[in-house]
Amino acid sequence: MKKWSVLFLSLLLVLVLAACSDNEEATTEAVVDDEGNTVIKVVFKDDGPSNPEAVKYYDALAEALKKDKDLNVKFELVEVAQGSYAEALNLLLYSGEIPDLIYFQGGDEQIAAQGLLEDLTPYIEKSEHIKNVLQPHNKARLENYPYLLWIKNLDNKVPVVRTDFLEQTDAGKALLQEPTVDNYTAFFEELMAKGLTKNGVTVAGDIAELDFIFNNAFGVTTSWIEQDGSYVYKKVTDGEKAKLQYYSELYKKGILDNQYLTKAWDTKEDAFYNNETAVIVGTNGKVVDFYNSRQKEVNGDTAALTILPPAKGEAQGYGATSVTKETRGLAISSQSPNKEIVFEILDYLASPAGLKFDSLGYEGVTYNMNGDTAELTPDYYANWFARYWEPVDADYGMKISESTPLLSAPAQASQTAVGEYYQQDNNFTIPEDQISNWDAMENIYKEYAADIITGKKSIDAFDEFVTKWNEAGGEQLTQYANETIK
C-alpha cells in the first residue's frame with residue numbers, strides 16, 4: 001500500500017508540474033504587496049502563521065534585510081497540517097502549493113526527482129558568506145546531493161559522565177589517558193563497586209548509541225569494510241561479532257543496563273539524572289548542553305559533565321559521518337520566481353549580522369550589549385534557538401560574554417571532540433528496488449543483536465545471522481556496493 005501511495009502521489013506531482021508548465025505566467029511572476037515588498041513564501045516545521053513567535057521572527061528578519069541589505073521582502077508563512085511533518089509537507093507540495101523556501105525533514109528525494117528543487121551549487125559558488133562557513137561534511141553532502149542546505153555541526157554523539165563521579169575513580173583517570181576497551185570496562189566496574197551508580201551505561205532502545213563509543217575500537221569503522229580487496233557490510237564482519245560478544249559481557253555483568261531495550265530517550269535521561277546509570281550518549285553541542293544544565297540543576301555544580309573519549313583499539317573515533325546527503329535542510333523551489341532573492345536571504349543569514357540575529361535574538365530581550373560584548377539573558381537560554389545556520393567558529397560581529405556563553409564548556413568540548421575525529425563514511429543511498437529487502441535485513445540484525453547481548457542466543461548464532469542476512473538480500477546489496485564504492 002505504501003508503494004502504491006508513493007506512486008500515486010508521484011503521478012499527481014507530475015500532473016501538477018505539467019499544469020504549471022501550461023500556465024507558465026502564473027508560476028514565474030513574482031508577487032509584490034501594496035508596499036512594494038516581494039512576498040516570499042516559507043514553509044518551516046512549527047513555523048506556521050499560527051505561531052506568534054515565528055511571525056515575530058520573520059517580521060524582524062524582514063526589517064533586518066531592509067536595514068542591512070536594502071532588500072524589500074515580506075515573508076508569508078505557510079501552515080502545515082498536524083502529524084508527520086514529512087508526510088504533511090509532501091501532501092502540501094502535491095496539492096500544487098509550492099513555497100519559495102522549503103524546509104525538509106525527510107521526503108525530499110522524491111520531490112527532487114520530479115525537478116521541483118533548485119540545484120544550489122551555482123548559488124553557493126558565487127555566495128558572499130555561505131561558501132566560507134561550510135564545513136567539510138556540508139561540502140561533501142552538497143556535492144552528492146545539491147538540493148538541501150543545512151549548515152550545522154556534525155551530529156555524532158558522545159558519551160558523558162558526571163565530573164565528580166569521574167574524579168572519584170582511579171580507572172577514570174586511566175581511561176582519559178588511554179581509553180582502551182579494557183579501561184572502559186574497569187571504569188564502569190569501579191563506578192558500580194563504589195556504589196556511585198547501579199549500572200555503567202544505558203541507551204535508548206538499541207545499541208546504536210553504544211556504537212558511537214565502541215564501533216571503531218572493534219574495527220567497525222565505516223558502513224562497508226574492505227576485506228581482501230572487496231567490501232563487506234560492517235554488521236556481518238568479525239569485528240561486529242567481537243563487539244556483540246563484548247556487549248553481552250557488559251550485559252551479563254550488569255554494566256549495560258539490563259532494561260536498555262525498553263528505555264526511551266526520556267527514561268534514559270532520567271536514569272542519568274537519578275544516578276541509576278553513570279554514562280549516557282548524546283548528540284554533541286546543544287543536547288550535551290541540556291544534559292549538563294539538567295545534571296547540575298538536579299545534583300549541583302560539581303555534577304557538571306565531562307566528555308569521554310571514544311574507545312581505542314583497532315581504530316578510534318565516534319563513528320563515520322554519512323555524506324550521501326543532508327538528512328534535513330532547506331531547499332529552494334525550482335518553480336519560484338524569487339530564487340535569487342531567496343538565496344540572498346540565506347546568504348545574509350550566514351553573514352555576521354545575520355548570524356547575530358538568528359543566533360542571539362532580540363537586543364534587550366534575549367541579550368544585552370555591554371560595550372562591544374553581548375550578555376545573554378535568561379530568556380535566551382529558556383526560549384531562543386537558531387532557526388538557520390550554526391557554523392563552527394561563527395563570526396557574530398561582536399564578542400559573547402564569557403559569563404553567558406552560547407554553549408557550556410562541556411558542550412563546546414563535545415563539538416571539538418567530534419571535529420577532531422571526523423571521518424567520512426562510504427555508505428550510499430539504497431537502491432529503490434532493494435529498500436524492502438534492506439528493511440528486512442536490518443530487522444534481522446536487530447533481532448539477533450538483542451538476543452546475543454541479552455543471552456537468549458550464544459555468540460555462535462552470529463554465523464546463522466550472517467547466513468540469513470545474505471539470503472534476505474545481503475548478497476545482492478554487497479554486489480551493488482562493490483560496483484558502487486570507489
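Reply: β1 and β2 run parallel and are paired over five bridges. Pairing here requires at least two DSSP bridges between the strands. Thr38 has Val73 of β2 as its bridge partner. Strands are DSSP runs of E, at least two residues long; helices are runs of H or I, at least four long; both are numbered from the N terminus.

The model is predicted, so local features need pLDDT of at least 70 and side-chain atom pairs count only at pLDDT 80 or more, while totals for chains, interfaces and linings use all residues. Numbering starts from 1 along each chain as its sequence is written, and side-chain values use heavy atoms, leaving out hydrogens and water.

Now the whole sheet. It is open, with four strands in the order β2-β1-β3-β10 and mixed pairing. β2 (73-77) and β10 (329-332) are the edge strands, each pairing on one side only. From one strand to the next, the twist averages 25°.

Two helices pack on this sheet. α3 touches β1 and β2, and its direction makes about 165° with that of β2. Helix α4 (residues 85-94) touches β1 and β3 (101-104). The direction of α4 makes about 150° with that of β3. Contact means heavy atoms within 4.5 Å. Axes are lines fitted to C-alpha atoms, for helices over the stretch in contact, and angles run from 0 to 180 degrees between N-to-C directions.

Asp46 sits in the loop between β1 (38-43) and α3. Its phi is near 70°, positive although Asp46 is not glycine. Most residues other than glycine have a negative phi. Asp46 counts as exposed because its relative accessibility is 58%. The cut-offs are under 20% relative accessible area for buried and over 50% for exposed, with partly exposed in between (1.4 Å probe, protein chains only).

Asp393 also has a positive phi, near 55°. It lies in the loop between α18 (378-383) and β13 (399-400). Asp393 is exposed, because its relative accessibility is 75%.

Next, the core. The largest nonpolar core has 69 residues, and Leu61, Phe75, Ile130, Tyr388 and Trp389 touch the most other members. Helix α3 (residues 52-69) gives the largest share, eight residues. Such a core is a set of buried Ala, Val, Leu, Ile, Met, Phe, Trp, Tyr and Cys residues joined through side-chain atoms within 4.5 Å. Beyond four places in sequence, the contacts of Tyr388 include Val42, Phe44, Tyr57, Tyr58, Leu101, Leu330 and Asp358. A second, separate core has 56 residues, among them Ala217, Ala278, Phe465 and Ala481.

Last, a helix pair. Helix α20 (residues 435-453) packs against helix α21 (residues 461-484) at about 170°, with axes 9 Å apart. The two are therefore roughly antiparallel. That label applies to angles over 145 degrees; under 35 is roughly parallel, 65 to 115 roughly perpendicular, and the rest oblique. From α20, the contact includes Trp438, Met441 and Tyr448; from α21, it includes Phe465, Trp469 and Leu477. By class, 12 residues of this contact are nonpolar, four polar and two charged. Ala, Val, Leu, Ile, Met, Phe, Trp, Tyr, Cys and Pro count as nonpolar, Asp, Glu, Lys and Arg as charged, and the others, Gly among them, as polar.
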